[in-house]
Structure formats: structure tokens, C-alpha cells
Amino acid sequence: MEYPTRVGNRLLAALPPADFGLLTPYLQKVSLEQDAVLLRSGDRLEHVYFPHSGTISFMLDMPNGQTVATAVIGHEGAVGMLSVLEPSLSPVTAVVRVAGVASRISALRFHAAFSQSGAIRHAVQTHARALLMQFQHVAACNALHSVEARMARWLLHIHDRIDGDVLPLTQEALSQLLGVRRTTVTQVVRKLRVSGAIRSDRRGLIEINRPRLKEAACECYEVMRRRIDQIFPPETMKPGVQAAPVREIPRDRDPFLAK
Ligand SMILES: [Zn+2]
């Protein structure tokens, strides 16, 4: 088992060393392979994943087999973390969209550390706030905005969490994210390519032109990005930073509690 010495996940990086130390003996570095299913809806949550890189989408599976994305997370989030609030079966399926690396811990070990550490409980609250914010915006966006604007928004969310301008997304993956048919995806990709927002889409690789893509996306993208930046403290912005030193934040100045 390899113990992490540097922390690329923002939730872990924000923990004081003593609290992070409750987790480190049990954290295991694992690869996140593209299209891997980390968790299926209805599964018991066995592990909590903290991505250091890569992108994971939370998918809601409908009884008729359709799927739609409800949130995307990268190194600012976690998979399975909210299981500590109420042990239950997963309501969503978590799929790796862009490969990366994560720290993984058993849900039981994480729950034990959660019971002992205020900072870990705080991290769970932070993650819950970030997810709830995404769920609310995605619900509104799905009701109010066009498929083209929504696709541009998802591409930007994923682009924010990876290096480079080439996103390894197949049309099937886009169809699942958007909850629309492949034929609709083909039409929308063509429109975005004509407008210059997508430079090319070959063999499951989509090269984007970010400024053009931002013009095609709805306002939800900027709003959600700003809210994520408000939820996470600036010192945990950069992947690869060491765990933050111990510091006490007065309750009235705590950015998590004050907003
Ligand atoms: Zn929108």
C-alpha cells in the first residue's frame, strides 16, 4: 500500500495535519481508469474516493435505462463521502470520465475518523455544500437551457478539472451526461464545431476552443464556478499542495459558516 505524501485533493489538503493523520494509515492510492464505475446506484458504499486528478460524474439511472449527470467532481470533491451522514445504498452511479489518480479509504475507516475529527466533519459539510449547489443548478439548467448550452457547460466543467484542451469524451459519454439520444449529440457537436467552440471530435477526443465554448454555454457555468471558488478556501486551490497547517478560524470569520 502506498501512503500519500502530497495532497492533491482539496478536501484532504484543507485538513490540519493531525486530522489528516487519522486518515493517512488507511489511504491507498488507486488509478481511476476512464469509464470505470466506482459506485453503482443501489450499491452499499464500501469506499470513499478522493480524486487527486481526473474527473468523475455522478449519474442518475432512470428505470427505463436512461441516465443523466447530476454533478461532476474532480480534485475538489469526493465519491462516497456523504455515506457518513447516513449509511445507505448509493442513490447515484459514479463514473470516471477522465482518468486520474485518487486516494481511497474504506467507508468504515472514514466513518471512524469522521467521529473523531471536527475538521473532517467540516470537510464533509464543504463537500455536501458543493454538491448541493451543483444539484440545484443542474436541475434549473436542465429545465431552462438548450442542449447546446448544457453540453458546452459540461465540457467546461470537465475542462476545469484536467490539463490541456482535449477531452477524452465519446458521443456515448456525452449522451449519458446530457440524457439525450446519440443523434441529438451528433447534431449538437456539429453545431458547436461550426461555431468554432469545438475544434475537432475524432475517436472519442473532443478538442475545445475555450473562449468560444464559454460563449456557447449558459450563464450557469460561470455562476457554478464562482460558487465552487467561494466554497473552497484559496490555499487548497492548487493540486499538489501540502496539507494546510493547523489554524483556528473564528466562527464568525469562517468562510464555510459565514456564507
Ligand atoms: Zn444552464
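A nonpolar core is taken here as a set of buried Ala, Val, Leu, Ile, Met, Phe, Trp, Tyr and Cys residues joined through side-chain atoms within 4.5 Å. The structure examined is a predicted model. Its largest nonpolar core holds 62 residues. Leu23, Phe50, Met81, Phe110, Met151 and Leu174 touch the most other members. Domain 1 (1-145 + 238-259) and domain 2 (146-217) both contribute residues, so this core lies between them. A second core is separate and comprises 16 residues, among them Leu32, Leu39, Val79 and Val96.

Beyond its neighbours within four places in sequence, Phe110 contacts Leu23, Val48, Phe50, Met81, Val84, Ile105, Ile120 and Val124.

Two helix pairs were examined. Helix α4 (residues 118-144) packs on helix α9 (residues 220-231) at about 170°, and their axes are 10 Å apart. Angles over 145 degrees count as roughly antiparallel, so α4 is roughly antiparallel to α9. From α4, the contact draws on Thr126, Arg129, Ala130, Met133, Gln134, His137, Val138 and Cys141. Helix α9 supplies Cys220, Val223, Met224, Arg227, Ile228 and Ile231. By class, nine of the contact residues are nonpolar, three polar and two charged.

Helix α5 (residues 147-160) meets helix α6 (residues 171-178) at an angle of about 110°, with axes 11 Å apart. The range from 65 to 115 degrees counts as roughly perpendicular, so α5 is roughly perpendicular to α6. Val147, Arg150, Met151, Trp154, Leu155 and Ile158 of α5 form the contact with Leu174, Leu177 and Leu178 of α6. Eight of these residues are nonpolar, none is polar and one is charged.

Methods
Residues numbered from 1 in each chain as written. Predicted model: local features only at pLDDT ≥ 70, side-chain atom pairs only at ≥ 80, totals over all residues. Heavy atoms only, no water. Buried < 20%, exposed > 50% of the residue type's maximum accessible area, 1.4 Å probe, protein only. Domains from an automatic or database assignment. Contact = heavy atoms within 4.5 Å. Axes fitted to C-alpha atoms, helices over the stretch in contact; angles between N-to-C directions. Helix = DSSP H or I, 4+ residues; strand = E, 2+ residues; numbered from the N terminus. Parallel < 35°, antiparallel > 145°, perpendicular 65-115°, else oblique. Nonpolar A, V, L, I, M, F, W, Y, C, P; charged D, E, K, R; others polar.
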